[in-house]
Amino acid sequence: MKVIPNTRNENIKRLNQIYSVLKKNDFGYLIEENTFFRKFPFLRNYKAEKENEFLDESIPLRIRRVLEELGPAYIKLGQMLSTRPDLVGIEIATELQQLRDNTPITPFDEIKEVIESELGQPIDEVYANIDENPIGSASIGQVYRAELKSNGEEVAIKVQKPNSKEIIESDVKIMKFLAPQIEKFISKSKIYNLPGMVSEFERSIFKEINYMEEVMNMQNLAKNFKNVSYIKIPHAYTEYCSEKVITMELIKGTELSDLIKGSYPGINKKKIANYGVKSYFKQIMTDGFFHADPHPGNLIVTEDNKLCYIDMGMMGILNEDFKENLAELILLLISRNTNNIIKQLIYMNIITPSQNTPDLKEDIDDLLHLYYGAELKNMDGAMEDLLKVMIKNEVILPREFVMIGRGIALIEDTGKKLDPEFNAATELKQLARNIVINKYKPKRLTNVGINYLLQLEHLAKDLPDTINNTISKLEEGNIEVNLSHKGISELANQLSVSLILSALIMGSSLALLTDVGPTLFDIPLLGLVGFVFSAILGGFLVIEYMLERD
């Protein structure tokens, strides 16, 4: 069955496809609850209510299958949600980490058209010896090996697949339509804040499909590591880059995922683990500009034993205040002080005072008791455990904070696999101390004091005008108060239907008192039909009300 049959509208066609995939995986009610099905109780799928009450073991797996089948935008959505267990829960986030791009490889002829259109010249005028078999393929782009014709340098060409942007734009529109509808009619979904989730995804996906964003990220990261000899960032040839094409230095070496599994006598795994933790903590604690997904597949050990970061489509950004507050939180966590940890989380706007419940305090106490008496080298994973505690207590965390926690967890896990004696906590503690010490240096305090004085000066200058404007508006009666009426539209709809029903009953009653028109069993037919219709409508309203109350 289609949601809307026989349509030429591409968005509606796509909605029908989505409904088909959802129904195949027992999620059809997500569409049914938001279309004409909802108006007919006997067509409604009550499995929705059961799955809202209990997290069936098969749900995370079915969600992953749906996303894989729906294509690029939904795969990317799933990959984003895999980093947000605070939004979707640990079970679903863990399952989504297994998401794999299952889109077929686009033929080179179509890729060639994209390259020539983006660069504005024939492909053989830019590249020589281009290998038409991709060395990498994902849902949105493919990567090819080639040589620059101008200087013979070996390069990697990352090319966006044809129509990727248009497909993603269409899917995002559908997501934005469905999210508030699902939240409106399936009350249990409100805890996930689906509209907010889609908005965050919209921002991130459109950044990712604009390849010039990744080029700028590569340049900024290279600048931050220009004096660090053991880190390599690929060079981008900007004259051959566009929104859909990146031409970058070809990195030859060994992926960390392969290094973890195999034996490579020429590579010192202990050193590489140390390079990883130092470089990543530098990004977070010093630069405030960090790789959003440092998993082993995005790290390569080059032939000269440097560590190279690749795939910089998404980066995290932290301001100075957040970096300083994060450093203080890390020191409090290492010193195992529950009360001050909670105060710091509130100060950083990670939790609200209302979320500071006895259960949260007890869970943090339990976590710190777990590490009590442990040596610093055995405290790896403390940041990830703190995140899990807050997720357990249904705290919706800031995006950057979750990215930091996941990034640190990935680096720690990779380091442990490379070196059993790996110790990230010592490095993290030292960096955090340095940041806190710098925070209270006289020069830093002077700069902060000057900024506050300037703000006070501006406030003092603006205050008289603000007071005068407010008084003038009061005198003229131009002060407006905006009130938000939640549920008023639903109440209005119910009232309208009730009035119509009352009018039908009254009209039918009057019709019964007349002898005009045909009769059935000596009862005026017009009045009888009116009463029957009123009874059906009334019964429907009562059933719908009872179902919604449940």
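## Salt bridges across the fold

Glu-421 is exposed, with a relative accessible area of 63%. This is a predicted model. The side chain of Glu-421 meets that of Lys-270 in a salt bridge, at 3.9 Å from N to O. Lys-270 lies in helix α13, while Glu-421 sits in the loop between α18 and α19 (424–439), so the pair ties together parts that are 151 residues apart in sequence. Lys-270 itself is partly exposed, at 48% relative accessibility.

Lys-158 and Glu-214 meet through their side chains at 2.8 Å, N to O. Strand β4 (residues 154–160) holds Lys-158, and helix α11 (residues 211–224) holds Glu-214, so this pair links parts that are 56 residues apart in sequence. Lys-158 has a relative accessible area of 15% and is buried. Glu-214 is buried too, at 4%. Both values fall under the 20% cut-off for buried.

Asp-413 and Lys-417 form a salt bridge at 3.1 Å, N to O. Both residues belong to helix α18. They are four residues apart, about one turn of the helix. Asp-413 is partly exposed at 39% relative accessibility. Lys-417 is also partly exposed, with a relative accessible area of 48%.

Elsewhere, salt bridges that share partners join Arg-64, Glu-68 and Glu-95 into one network. The count for the structure comes to 18 salt bridges.

## Cavities

The whole structure has two cavities of 30 Å³ or more.

## Cysteines

How many disulfides does a search of the whole structure find? The search finds zero. A disulfide would need a pair of cysteine sulfur atoms within 2.5 Å. Cys-241 counts as buried because its relative accessibility is 11%. Cys-308 is buried as well, at 0%.

How values were computed
Residues are numbered from 1 along each chain as its sequence is written. This is a predicted model: local features need pLDDT of at least 70, side-chain atom pairs count only at pLDDT 80 or more; totals for chains, interfaces and linings use all residues. Side-chain values use heavy atoms; hydrogens and water are left out. Buried means under 20% relative accessible area, exposed over 50%, partly exposed in between (1.4 Å probe, protein chains only). On a 1 Å grid over the protein atoms alone, a cavity is a set of points where a 1.4 Å probe fits but cannot get out, and a pocket is an open set with protein on both sides within 12 Å along at least five of seven lines; lining residues have an atom within 4 Å of a point. Grid points are joined across faces, edges and corners, and a volume is the space filled by probe spheres set on the points. A salt bridge is a side-chain nitrogen of Lys or Arg within 4 Å of a carboxyl oxygen of Asp or Glu. Helices (H or I, at least four residues) and strands (E, at least two) are DSSP runs, numbered from the N terminus.
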